[in-house]
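Student: I would like to learn how to read the features of a structure one at a time, with the general idea set out before the particular case. Could we go through it together?

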Amino acid sequence: MINKALKSFSGLCSKRNLIILFFMTFAVSLKGQTTHMKLWYNTPAGKVWEAALPIGNGRLAAMVFGNPEKEVLKLNEATIWSGGPSRNNGPEALAALPEVRRLIFEGKYADASKLAAQKIKANKNNGMNYQLAGDLTLDFPGHDQFENYYRELNIETAVAKTSYIVDGVRFTRTVFVSQPDQAIIMRLTADKPSSITFNASMSSKQKATLTVNGTNELVLSGISGEKDGVQGAVKFKALARMKPEGGTVTSNNDNVSVTKADAVTVYISIATNFINYKDITGDETKKAVGYLNKVLQKPYQQLLQNHVAAYQKYFKRVSLDLGTTDSVKNPTDIRIRDFAAGNDPQLVSLYFQFGRYLLISSSQPGGQPANLQGIWNDKMSPPWGSKYTININTEMNYWPAEVTNLTEMHEPLVKMVKELSETGRETAKVMYGAGGWVAHHNTDLWRITGPVDAIYSAMWPMGGAWLSRHLFEKYLYNGDKKYLQSVYEALKGAAQFYVDFLVEEPTHKWLVVSPSMSPENNPSVNPKVSIAAGATMDNQIVFELFHNTIRTAELLHTDKSFVEQLKAKLMRLPPMQIGQYSQLQEWLEDWDNPKDQHRHVSHLFGVFPGNQVSPYRTPELFDAARTSLNYRGDISTGWSMGWKVNLWARFLDGNHAYKLIQNQLTPVGVNKGANSGGGTYPNLFDAHPPFQIDGNFGCTAGIAEMLMQSHDGSIHLLPALPDALKSGSVGGLKARGGFEITKMEWKNGKLAKLVIKSTLGGNCRLRVSNALKINNSASLKPASGKNPNTFYAISETPAPIISDKARLNKLDLKETKLFDFATRAGKTYELVSVH
C-alpha cells in the first residue's frame, strides 16, 4: 500500500515531501492496527480497586481507575513499608528445642505446639506491611455526563488509555510508568482546543503533608507507619508536576488548577530514603527531584518511545496464538463472565501474557521482588501484610520467570535470597544452634527470617530452602558458571543448616526436620494442631536442596568434604510413602483424609515445581500423587488453582489442566468450594479472594507447562495439550540447557513444525508424540539411555514405601517418541513432522 502511494505521487512531490508522506502513511497504518493483547472495558472502574488497571516499572506503580469526572491514580513505590530495619528471632527457642522434639516424637503434638508457641514464636514482630504512597486525584468539572466511553490496558505497550466524549469533545488520557525514565507519565488531550480543565490534588493515609511548589507542582511528604512496636522509618516524597500546553495553571495551598488547556502532561516522581534492608539513610527529596528534573527535559513522545522500547525488549520475546473467536469483540469483564461455558481460546493467550506483563511491571533488576500483591496496594494494612509469603506464594510469583523468557525479572528474587542468607545466619544460630541460614514462612523488606504469625503457620523452617531452588534452577537455564559461583555461598548455607538441624526420628531412624509442619494444614487426627516431624514436603525440599548443592559444588570443583557429608545425609532421608488410600502421604504417618480439600497441596512439591515424581521413572509415585490431587478437588483459592494447572500439566492431563484454567478464569464469587472459591476480578487480577498476584503467575507458568516441559530428562513438547486447543503456535519459551523454542506450531493436536535455538550447545533430546526430521534431512534417530546433556541430569528418586492397603493403577500414557540430535552453541534448527 505504501509503495503504491509513493509511486503514484512520485511525479507530483519533491523527495522531501515523499519522505513526509511516507511517515504520515506509516503512522496512520500503525494507528489503524489492532491488537488483541488488551484488557478493555466500556465502563469506568468507579471505586472498585479490582476493576482499575495496573501499571508499573518494578519500582513505581499505579492503579488507573479511568473515571471521567474524577480520575484517580493509586500510587505505590516498592520500598514504602511499615517499620524499619528489624529482626524477629526468638532467643528462647534454642533451650526449648529438645523438649519440643521429645513431645513430638512421643505423639504429644498439642503440648509440643503449645510449648513452641511460648518459646519458639516468642517475638512479637510478625513482619512489616507493604504500604501505599497515596493518591493523585484529577477532578474534571462537568464530566459526570459522558458518552462513547472506552478504557484499555494495552499489554503489548504497557500503556493504559481512557477515552470518552463530553459535549461533543473527545477526551483521552494516556498513562504509563517508564522504567528507563523512572517516572509515571500521564498525557491529557482533547480533539478541540482549550477544552481541558481540572483540579489536581494528592492525599495519603500515611502521616503526610501536602504542599504546592510554585503554581504547578504538588509535593507529598510522608513517613511509613508503625507495626508490632517497630516505628515507621521509611520517608518518602511524591511529586506531581502539571505541564499544560495553552490555557492557564494556578495553585493554592493544596491543589493545582489547570484551565482551558489544549493538552497537559503530568509527571509523577516518587522516592524514599531506602538504600537496602539495613540502611535507610538515603535522601528521598534529592532522589525524587532528580528523577523529575531528568524527565522534564525530554519531550513526551520520546518518553513514550523510551518506555515502549524498554518494555517490549522483554515482552516481545514470547508469542502465543491459540486461535481467536468472536468473543474478542466483548469487553474483558464480559469475556471472564462467559469463559467457562464459552469458546474463547484467545482469553487464555491474553491471561498468559498478562502474567508476563505483571512480572515485567512488578520485578525489575536492581529492585525489590514482586510481593503478595506484586507492587500494587491501596491499604496501610493489606491482607497478610502484602509481604513475601515463602511457603508457596513468593516462589509461585517466579515460576514463569525462566520458562517464559523473563530471566532478568528473576534477579530481584535471587538478590533477596542472598540477603536472607545474611540475616538468616543469626536466626539459625540463635534459635536452633545451627550453622548456615534459615528462613521460616514469611519475610519482608527488612529480610526478617524468624517465625511469623501464630504457631499453626509459623513453625515451618523451610522457606529459605525452597527459595534456594530458584538459585540453581536459574543456572539450569542460563548455564552461566560465574552466576553459579555468585550464588553458591547462599545455596551452601541453606544446605548447611539442615546438616546441623536434621534429627533422627525414633521409629525408622530417618533424619527429619523437626519441629515443622505441612504448610498451614493439620491431619484430622490432630485437630487445629499442625506441628509435626518429617512432613513429606520437607523431605522433598531437603532432598532437592542437597542434590542441587552437591551438583553445584562439583561443577565449581569445591567443598569435597561437604559434598560427602551431604551424600551421607541423603541416604538417611525418609523416602516418599504411599498410604492406605492409595495416596501420596502428606505426613510421615499415614494420616491423610481423602475428604481433605485444603488449599495447600504441599506434598506434591515433588511433582511441581520439583521433578522427583515422573510418569516414566516413578510410575507408582506418579499414580499416588495424582490420586492425592484428585482427593483435593479442583475449586479452591485462586493461587491454589494456579498451582493445580501446573500439577495437572505434569500429570500429562491437558483437559484437566484446562478445566482448572476455566475455574480460575471465572468471576470471583461464582466458584463454590471448600476454600471459598477463588477466581478472577474484572481487571484479570487473581482472587484468593482477596487479591493475590501469585495465582496470575502460577497460571501463566501452568500454560507454559501444558505446551513444553524440560524437567524430566528431555524437552517434552505438547505434553498436556487439551482438546480445546488443538491448533496453535508459540514462540520464545525457554527450556533448560539453554534451548529456546523459537517457534512451535501444532495442528489437530500434532506437532507440525519446530524451530529451536541452542545457546549453549550439547545434546538436544526431544519427547514428542509424532516423528520429526530436521528440515531437508533424514528423520531423527531414536534416543536411548540417559541424556548425555548434563543440564538434564536427574537425581534418582528413592523407591517409595507402599501400604498394603493401597490399590495403585497401571498408568495409561499416550505413546511418545524420544529423539536426540547434537547442537552447536548459537545455531538454530528447524524440524518438521514426518507424515
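**Reading strands, rings and a pocket**

Tutor: Let us begin with a hairpin: S14 and S15 form one, with 4 residues between them. The model is predicted, so local features need pLDDT of at least 70 and side-chain atom pairs count only at pLDDT 80 or more, while totals for chains, interfaces and linings use all residues. Residues are numbered from 1 along each chain as its sequence is written, and side-chain values use heavy atoms, with hydrogens and water left out.

Student: How are S14 and S15 paired, and over how many bridges?

Tutor: Strands of a sheet pair through backbone hydrogen bonds, either parallel or antiparallel. Two strands count as paired here if DSSP finds at least two bridges between them, and the elements themselves are DSSP runs numbered from the N terminus, helices being H or I with at least four residues and strands E with at least two. Strand S14 (residues 248-251) pairs with S15 in the antiparallel sense over 4 bridges, and Thr 248 has Thr 259 in S15 as its bridge partner. Strand S10 (residues 196-203) also pairs with strand S15 (residues 256-261), antiparallel and over 4 bridges, with Asn 199 facing its bridge partner Ser 257 in S15.

Student: Which way do the residues of strand S27 point, and are they buried or exposed?

Tutor: Buried means under 20% relative accessible area, exposed means over 50%, and partly exposed lies in between, with a 1.4 Å probe and protein chains only. In strand S27 (residues 728-731), Gly 728 and Val 730 point one way, Ser 729 and Gly 731 point the other way, and all are buried. S27 pairs in the antiparallel sense with strand S17 (residues 319-321) over 3 bridges, where Leu 320 has Val 730 as its bridge partner. S27 is also joined by 3 bridges to strand S29 (residues 739-747), again antiparallel, and there Val 730 stands opposite Met 744.

Student: What is the strand order in the open sheet of 5 strands, and which are its edge strands?

Tutor: The order is S25-S26-S31-S35-S33, with mixed pairing. Strand S25 (708-709) and strand S33 (781-782) are the edge strands, each pairing on one side only. Within this sheet, S26 and strand S31 (residues 762-768) run parallel and are joined by 2 bridges, with Ile 715 opposite Leu 766 in S31.

Student: How many aromatic pairs are there?

Tutor: Rings of Phe, Tyr and Trp (its six-membered ring) pair if their centres lie within 6.5 Å; planes under 30 degrees apart count as stacked, over 60 as edge-to-face and the rest as tilted. By this rule there are 32 aromatic pairs. One of them, Trp 81 with Tyr 130, is tilted, at 5.6 Å centre to centre and 50 degrees between the planes. This pair links distant parts of the chain, 49 residues apart, with Trp 81 in the loop between strand S4 (70-77) and helix H3 (93-105) and Tyr 130 in the loop between helix H4 (109-119) and strand S5 (134-139). Trp 81 and Tyr 130 are both buried.

Student: Why is the pair of Tyr 311 and Tyr 357 edge-to-face?

Tutor: Their ring centres are 5.9 Å apart and their planes stand at 70 degrees, so the pair is edge-to-face. Because Tyr 311 lies in helix H6 (residues 300-315) and Tyr 357 in helix H8 (residues 345-362), the pair ties together parts that are 46 residues apart in sequence. Tyr 311 and Tyr 357 are buried. Elsewhere, ring pairs link Trp 399, Trp 466, Phe 605, Phe 608 and Trp 643 into a cluster.

Student: Which residue lies over the face of Tyr 616?

Tutor: A charge sits over a ring if NZ of Lys or CZ of Arg is within 6 Å of the ring centre and within 35 degrees of the ring normal. Arg 767 lies over the face of Tyr 616, at 3.7 Å from the ring centre, and Arg 151 lies over the face of Tyr 41, at 4.5 Å.

Student: What lines the second largest pocket?

Tutor: Rolling a probe the size of a water molecule over the atoms shows where empty space is left. A pocket is an open set of points, on a 1 Å grid over the protein atoms alone, where a 1.4 Å probe fits, with protein on both sides within 12 Å along at least five of seven lines, and lining residues have an atom within 4 Å of a point. Here 27 residues line the second largest pocket, and Leu 652, Leu 718, Pro 719, Leu 721 and Lys 814 lie nearest its centre. Helix H17 (619-632), helix H19 (654-664) and strand S26 (715-717) are the elements that give two or more residues to this lining, and H17 gives the largest share, 3 residues.
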